[in-house]
Amino acid sequence: IELAVSKADYIVLSDYTGEESMQTIEAAIVLAPTIKEAGFKTFFVPQGEKGDVKDLMYAFKYAADNPKLIDYVGISILSAPLAYDVESGNKLQRFVSRLRLMYELIQSPWLRTIKHNNQKVHMLGMLDGPNEIMYMEPFYKYIDTWDSSAAVWLGLNGQKFDGTPTGRRDGK
């Protein structure tokens, strides 16, 4: 039997969607040193309590304040809608929530500090359509990577992007 050798560079730290930021931060405090000692880099996804933007921002502050422990910062498709308490029910609010978060991050010192520290920023998924990428243009210099399975899922289901403002009339 041949064992596959991991070629991973980064390991995602535990995060707690919709829960107080300290749960995610405390997990990072415990796990990050062990991951770093094993020769990997860390990927931290800030989370905050539902309806509490300040709590989510605190998690970004933690990332910015700890560049020796946090190498990559992921901006979740869930954390912003949850922080603004619009995760369900209003697709327009959901769609613009991460954009609003980016404006709040740029008005705070945290996003600039993260980039100054040479930490990377990753956008996790897309919120309800591919045009979110276009709307993030003011923040391109802060975003290193972005992933989405939207095109694959639409293709597998015989659907496609469209000409609506989000790029997907019915969202996700």
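## Legends to close-up views of the predicted model

A search of the whole structure finds 7 salt bridges, a salt bridge being a side-chain nitrogen of Lys or Arg within 4 Å of a carboxyl oxygen of Asp or Glu. This is a predicted model, in which local features need pLDDT of at least 70, side-chain atom pairs count only at pLDDT 80 or more, and totals for chains, interfaces and linings use all residues. Residues are numbered from 1 along each chain as its sequence is written, and side-chain values use heavy atoms, with hydrogens and water left out.

**View A. Salt bridge between Asp85 and Lys50.** The closest N and O atoms of Asp85 and Lys50 are 3.6 Å apart. The pair links distant parts of the chain, 35 residues apart: Asp85 is in the loop between helix 3 and helix 4, and Lys50 is in the loop between strand 2 (41–44) and helix 2. Helices (H or I, at least four residues) and strands (E, at least two) are DSSP runs, numbered from the N terminus. Helix 3 covers 79–83 and helix 4 covers 91–107. Asp85 has a positive phi of about 55° although it is not a glycine. With a relative accessible area of 47%, Asp85 is partly exposed; buried means under 20% relative accessible area, exposed over 50%, and partly exposed in between (1.4 Å probe, protein chains only).

**View B. Salt bridges of Arg94 and Arg98.** The side chain of Arg94 meets that of Glu87 in a salt bridge, at 2.6 Å from N to O. Glu87 is partly exposed at 28% relative accessible area, whereas Arg94 counts as buried at 11%. Arg98 forms a salt bridge with Glu132, with 2.8 Å between the closest N and O atoms. Arg98 lies in helix 4 and Glu132 in helix 6 (residues 132–135), so this pair ties together parts that are 34 residues apart in sequence. Both Arg98 and Glu132 are buried. Side chains of opposite charge can pair when their charged atoms come close.

**View C. The largest nonpolar core.** A nonpolar core is a set of buried Ala, Val, Leu, Ile, Met, Phe, Trp, Tyr and Cys residues joined through side-chain atoms within 4.5 Å. The largest such core has 32 residues, of which Phe44, Phe60, Ile70, Ile75, Leu101, Met102 and Leu105 touch the most other members. Two or more residues each come from helix 1 (21–37), helix 2 (53–65), strand 3, helix 3, helix 4, helix 5 and strand 4. Helix 2 gives the most to this core, with 8 residues. In soluble globular proteins, nonpolar side chains tend to be buried together.

**View D. Surroundings of Met102 and Ile70.** Met102 is in helix 4 and is buried, with a relative accessible area of 0%. Not counting residues up to four places away in sequence, Met102 touches Ile75, Leu111, Met123, Met136, Phe139 and Ile143, where contact means heavy atoms within 4.5 Å. The C-alpha atoms of Met102 and Phe139 are 7.5 Å apart, while the two residues are 37 residues apart in sequence. Ile70 is in contact with Leu13, Ala28, Thr42, Phe44, Tyr62, Ala63 and Gln119, leaving aside neighbours within four places in sequence.

View E. Two strands pair if DSSP finds at least two bridges between them. Gly74 stands opposite His122 of strand 4. Strand 4 also runs parallel to strand 5 (residues 145–147), with 3 bridges; in strand 5, Asp147 is the bridge partner of Leu124. Asn118 has a positive phi of about 65° although it is not a glycine, and is exposed, with a relative accessible area of 67%.

**View F. Nonpolar surface patch at Val152, Trp153 and Leu156.** Together these three residues have about 370 Å² of accessible area, from the Shrake-Rupley method with a 1.4 Å probe, where for residues only the protein chains shown count as cover. Patches are made of residues with over 30% relative accessible area and no salt bridge; like charges are joined within 9 Å, and nonpolar side chains (Val, Leu, Ile, Met, Phe, Trp, Tyr) within 5 Å. Trp153 lies in helix 7 (residues 150–156) and is exposed, at 53% relative accessible area.
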